[in-house]
Amino acid sequence: MSTREEDIPGYDAIIVGGGPAGLSAALILGRCRRRVLVCDSGQYRNHAAREMHGFLSRDGIAPSELRRIAREQLAPYGVEIRESAVTDVRRGARRFEVTLEGGERLRCRKLLLATGLVDRLPELPGLPAMYGKSVHHCPYCDGWEARDQAIGVYGQGGTGVSLAVNMKTWSDDVVLFTDGPASLSRSDADRLARHRIGVREERVARLEGRDGMLERVVLEDGSAVERRSLFVKAKQEQGADLAERLRCTVTEERGVETVAEHEETTREGVFVAGDASKEVLLAIVAAAEGAAAAFGINCALQEEELA
Ligand SMILES: Cc1cc2nc3c(=O)[nH]c(=O)nc-3n(C[C@H](O)[C@H](O)[C@H](O)COP(=O)(O)OP(=O)(O)OC[C@H]3O[C@@H](n4cnc5c(N)ncnc54)[C@H](O)[C@@H]3O)c2cc1C
């Protein structure tokens, strides 16, 4: 027997993702007396980081501690949290229908995608043990800790060149590793030379160090370049395919696109916040976007209720 839409448990908003974006939205919506559910599969983008930097009043805090405090502060507002992945979302006649892993179905009036991004790191032997300790990808997150050190940059083409040049803000000693022929344009080669950035085109054999701290980049010809940190260009993919399922516009460059005010996507009633919308990829920006989306969701609900 098929279940009628009215018989499925309902929420004002379901938030998919419990990182800074989703939890921040939950706080605002909870304070708006909304019935809110956060579903979180717990694959946080910054899982490898020991400390989170640049979050006003929380600089240096462990990411897990930020989430613990955030969840504690949600409790008085009755926000529900499920440690569960959302596997499907559909737009029903009047509601969104959300399916959790295991098959349970829920419905909601508005939906917030705060599903983040997943980084695809270069496959370099030695890198996994160093990621988040001495191998990073974001200078705004970890550049200060690498200041004045011997910094390596791993990347190809114009993006590798740009990252290498940008790292000069934090150290004079920067070497670019292209892991194969650099094939630089004349202007990129001039730019690197102008900023005294060395280029190593040999294939990278492995990263060596101790306790997660990089000591040298070993090249395939057996030579080694002493470095204390390495910044890499990571390829990023959406943390979930729910936006595509709902036929929101998603592009490689901009992620899930917003078109309306307050983080609403190309599909009415579907909002996005945090890294999934690929603006500035910082936790405090994700939290701010979560708050803006919650504002938009509450305004949309008020329009329906108080017209
Ligand atoms: C190594 C590293 C270090 C970083 N350091 C810093 C730093 O120092 N300072 C800083 O400001 N930023 C830092 N960042 C960036 C920061 O982590 C992100 O900007 C921030 O986490 C984005 O928050 P978010 O809520 O959008 O996504 P996330 O924190 O990634 O949370 C997304 C959540 O959604 C969940 N999810 C995805 N799909 C589903 C689904 N279908 N169902 C249910 N749940 C789902 C995921 O499991 C995850 O729990 C760092 C990033 C990395 C990778």
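Arg34 touches Asp12, Leu29, Arg109, Asn298, Leu301, Gln302 and Glu305, leaving aside residues up to four places away in sequence. Contact here means heavy atoms within 4.5 Å. The model is predicted: local features need pLDDT of at least 70, side-chain atom pairs count only at pLDDT 80 or more, and totals for chains, interfaces and linings use all residues. Residues are numbered from 1 along each chain as its sequence is written, and side-chain values use heavy atoms, with hydrogens and water left out.

Arg34 lies in the loop between α1 (20–31) and β2 (36–39). Helices (H or I, at least four residues) and strands (E, at least two) are DSSP runs, numbered from the N terminus. Arg34 is buried, as its relative accessible area is 12%. Buried means under 20% relative accessible area, exposed over 50%, and partly exposed in between (1.4 Å probe, protein chains only). The side chains of Arg34 and Asn298 form a polar contact of 2.7 Å. Such a contact is a pair of N or O atoms within 3.5 Å; within protein, one must be able to donate a hydrogen and the other to accept it, and residues adjacent in sequence count only if both atoms are side-chain atoms.

The ligand is surrounded by 36 residues. Asp40, Ser41, Gln43, His53 and Ala283 are the closest. A residue counts as near if one of its heavy atoms lies within 4 Å of the molecule. By type, the shell holds 18 nonpolar, 14 polar and four charged residues. Ala, Val, Leu, Ile, Met, Phe, Trp, Tyr, Cys and Pro count as nonpolar, Asp, Glu, Lys and Arg as charged, and the others, Gly among them, as polar.

An N or O atom in the side chain of Ser41 is 2.8 Å from a ligand oxygen. A polar backbone atom of Arg45 is 3.0 Å from an oxygen atom of the ligand. At Val86, a polar backbone atom is 2.8 Å from a ligand nitrogen. Taken alone, the ligand exposes 1,000 Å², and the protein buries 97% of that. Accessible areas come from the Shrake-Rupley method with a 1.4 Å probe; for residues, only the protein chains shown count as cover. The elements giving two or more residues to the ligand shell are α1 and α8 (283–305).

Glu261 sits in the loop between β18 (255–256) and β19 (270–272). Glu261 is exposed, with a relative accessible area of 62%. Its C-alpha atom is 9.9 Å from that of Phe295, 34 residues apart along the chain.
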